[in-house]
Amino acid sequence: MHEELTQSIKKILINNLFVELPPEQIGADDGLQSVIGLDSVGFLELRVICEDEFNVRISDEDFNSDNFRTVNQIASLIVGLKTSAQGGAW
């Protein structure tokens, strides 16, 4: 599941946020700001798109640099949100 999420997040970066890199060049642990070049508006857009795409609610508390630094961290956050929303079932 985590791998599917990372692929989906990469597609969002390319298709919705216009990151001009092929998906295979976006490392799951690359810094979205430092390596990919996402700016503050891009992070806000990414939050909203992830909420819509994955049917989760990302609180202001969860919307931080620890959860949004890399594709892997966003995927882990989404898995965690889905797990807690469904009472532990995914």
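Trainee: Let's jump in at Arg-69: does its relative accessibility count as buried, exposed or partly exposed?
Mentor: Keep in mind that we're looking at a predicted model. Buried takes under 20% and exposed takes over 50%, with partly exposed in between. Arg-69 comes out at 41%, so the label is partly exposed.

Trainee: Which residue forms a salt bridge with Arg-69?
Mentor: In general, side chains of opposite charge can pair when their charged atoms come close. For Arg-69, the closest N and O atoms of the pair are 3.9 Å apart, and the cut-off is within 4 Å. The partner is Asp-66.

Trainee: How many salt bridges are there by this rule?
Mentor: Besides the pair of Asp-66 and Arg-69, Glu-51 is bridged to Arg-57, with the closest N and O atoms 3.8 Å apart. Asp-60 pairs up with Arg-47, and there the closest atoms are 2.7 Å apart. By this rule the count is three.

Trainee: How many residues apart are Asp-60 and Arg-47?
Mentor: Asp-60 sits in the loop between α2 and α3, while Arg-47 is in helix α2. The pair links distant parts of the chain, and the separation is 13 residues.

Trainee: Where is Thr-70 found?
Mentor: At 7% relative accessibility, Thr-70 counts as buried. Leaving aside residues up to four places away in sequence, Thr-70 touches Ala-28, Asp-29, Asp-30, Gly-31 and Leu-32. As for its place in the chain, that's the loop between α2 (40-54) and α3 (71-85).

Trainee: Zooming out, what is the radius of gyration of the protein?
Mentor: The protein has three helices and zero strands, running α-α-α from the N terminus. The globule rule gives 12 Å for 90 residues, and the protein is close to that, so it is as compact as a globular protein of that length. Its radius of gyration is 12 Å.

Trainee: What share of the residues counts as buried?
Mentor: The protein exposes about 5,300 Å², with carbon and sulfur atoms supplying 48% of that area. Of its 90 residues, the share that counts as buried is 37%.

Key:
Residues numbered from 1 in each chain as written. Predicted model: local features only at pLDDT ≥ 70, side-chain atom pairs only at ≥ 80, totals over all residues. Heavy atoms only, no water. Helix = DSSP H or I, 4+ residues; strand = E, 2+ residues; numbered from the N terminus. Rg over C-alpha atoms; globule rule 2.2 N^0.38 Å. Buried < 20%, exposed > 50% of the residue type's maximum accessible area, 1.4 Å probe, protein only. Areas by Shrake-Rupley, 256 points an atom, 1.4 Å probe, with all protein chains shown as cover. Contact = heavy atoms within 4.5 Å. Salt bridge = Lys/Arg side-chain N within 4 Å of Asp/Glu carboxyl O.
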